[in-house]
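The exercises below concern a single protein chain.

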Amino acid sequence: MTTIHISKTSRWFGNVVAVNDVTMDISPGVTGLLGPNGAGKSTLIHMMSGFLAPSAGAVTLDDRPIWRNPEAYRQIGLVPEREGMYDYLTGGEFVLANAELHGLPDPGAAARAALETVEMTGAADRRVSTYSKGMRQRVKMASALVHQPSVLLLDEPFNGMDPRQRMHLMELLRRMGEEGRTVLFSSHILEEVEQLASHIEVVVAGRHAASGDYRRIRRLMTDRPHRYLVRSSDDRALAAALIADPSTSGIEFDTAENALRVQAVDFLRFTTRLPLLAREHGVRLFTVSPSDESLESVFSYLVSA
């Protein structure tokens with residue numbers, strides 16, 4: 001059971017705090033690290049992989065520090081978001097170089113097996129400079145898997161992949177989790193995490209916002225107040241009817257948009273009652289659109305929940 005433990009960990013760069021007092025455990029199985037862009041996900045992954053020292057707190061692998069611990073690196077595979085590849089090498093040469101750096105007994109066989117795992121054997125003799133974004137992602141994955149690590153860390157691994165490549169990678173990560181490996185991948189896209197991860201860690205603005213089964217996180221998101229922009233043939237009559245309904249907690253007239261801004265606290269009741277109330281009062285609905293559906297607003301709600 002290989003577990004990464006992050007204990008009261010912070011990381012700052014000058015006056016900028018990228019990660020602030022985070023505590024979490026990454027255990028065997030597939031864990032999704034979810035957060036908006038700039039939340040601190042990459043910084044956390046760099047500390048977990050031993051490429052960055054924590055400014056405070058500790059990041060350990062089975063109770064041993066990861067920073068400056070070469071033995072820990074043998075158990076960790078990293079797929080970074082940024083590309084640090086040698087474009088003049090072929091994909092096969094790139095993976096082989098990583099196998100040799102790990103001192104594997106048969107680096108050639110290990111490289112071929114890793115390339116086959118990510119379905120890149122057919123393009124192994126092509127230079128990396130000719131690869132698409134998705135192909136580069138798969139070769140990075142092969143180099144991370146070449147030494148058969150017990151821990152795999154992936155930073156936004158689905159960026160640039162076509163639907164088929166995404167499905168293949170999801171199935172590969174799912175299988176690795178079922179084998180007992182510790183797999184963590186970051187994403188700012190909720191649907192990616194929901195399809196793959198059995199456990200979710202949410203970070204917002206460098207802080208740990210939520211943790212647990214994705215269904216529980218999904219419920220938190222579903223239960224949050226929803227804000228809607230509503231345009232109708234008679235905003236005043238509709239506002240009066242909505243104010244009296246328990247599904248709403250606030251209504252404002254937006255003169256610039258010539259519309260109502262409605263805060264709904266009971267999402268299901270609101271979506272059912274709105275058209276009924278409009279019909280009862282002879283009001284025609286022209287526009288009903290959510291105004292707070294960005295992931296940033298969702299994560300901000302989780303922080304305050």
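The following exercises, each with a worked solution, refer to this predicted model.

**Exercise 1. Overall description**

Task: Describe the extent of the chain, its secondary structure, its burial and the sequence range of its contacts.

Solution: 
- Step 1. The C-alpha trace spans about 80 × 45 × 35 Å along its principal axes.
- Step 2. The secondary structure of the chain comprises 11 helices and 14 strands.
- Step 3. The chain has 305 residues, of which 47% count as buried.
- Step 4. Taking contacts between residues at least 6 apart in sequence, one finds that 66% join residues at least 24 apart.

**Exercise 2. The largest pocket**

Task: Characterise the largest pocket by its volume, the residues closest to its centre and the composition of its lining.

Solution: 
- Step 1. The volume of the largest pocket is about 690 Å³.
- Step 2. It is lined by 23 residues, and those closest to the centre are Phe51, Leu78, Asn98, His102 and Ser143.
- Step 3. Two or more lining residues come from each of the elements β6, α3 and α5.
- Step 4. The most is given by α3, which contributes four residues.
- Step 5. By residue class, the lining holds 12 nonpolar, nine polar and two charged residues.

**Exercise 3. Two loop residues**

Task: Classify Asp245 and Arg82 as buried or exposed, and describe where each one lies.

Solution: 
- Step 1. Asp245 is found in the loop between α9 (235-243) and β12 (248-254).
- Step 2. The relative accessibility of Asp245 is 5%, and the cut-off for burial is under 20%, so Asp245 counts as buried.
- Step 3. A polar contact of 2.7 Å joins the side chains of Asp245 and Ser247.
- Step 4. Leaving aside residues up to four places away in sequence, Asp245 touches Arg269, Arg273 and Leu277.
- Step 5. Arg82 occupies the loop between β6 (76-79) and α3.
- Step 6. Arg82 has a relative accessible area of 75%, and exposure requires over 50%, so this residue is exposed.
- Step 7. Between the C-alpha atoms of Arg82 and Phe13, which are 69 residues apart along the chain, the separation is 19 Å.

**Exercise 4. Positive phi**

Task: For Asp21 and Arg68, give the value of phi, the location and the accessibility class.

Solution: 
- Step 1. Asp21, a residue other than glycine, has a positive phi near 55 degrees.
- Step 2. Its location is strand β2, residues 16-26.
- Step 3. With 42% relative accessibility, Asp21 counts as partly exposed.
- Step 4. Arg68 is not a glycine either, and its phi is positive at about 55 degrees.
- Step 5. Arg68 lies in the loop that runs between β5 (64-65) and α2 (70-73).
- Step 6. With 68% relative accessibility, Arg68 counts as exposed.

Conventions:
Residues are numbered from 1 along each chain as its sequence is written. This is a predicted model: local features need pLDDT of at least 70, side-chain atom pairs count only at pLDDT 80 or more; totals for chains, interfaces and linings use all residues. Side-chain values use heavy atoms; hydrogens and water are left out. Buried means under 20% relative accessible area, exposed over 50%, partly exposed in between (1.4 Å probe, protein chains only). A polar contact is a pair of N or O atoms within 3.5 Å; within protein, one must be able to donate a hydrogen and the other to accept it, and residues adjacent in sequence count only if both atoms are side-chain atoms. Contact means heavy atoms within 4.5 Å. On a 1 Å grid over the protein atoms alone, a cavity is a set of points where a 1.4 Å probe fits but cannot get out, and a pocket is an open set with protein on both sides within 12 Å along at least five of seven lines; lining residues have an atom within 4 Å of a point. Grid points are joined across faces, edges and corners, and a volume is the space filled by probe spheres set on the points. Ala, Val, Leu, Ile, Met, Phe, Trp, Tyr, Cys and Pro count as nonpolar, Asp, Glu, Lys and Arg as charged, and the others, Gly among them, as polar.
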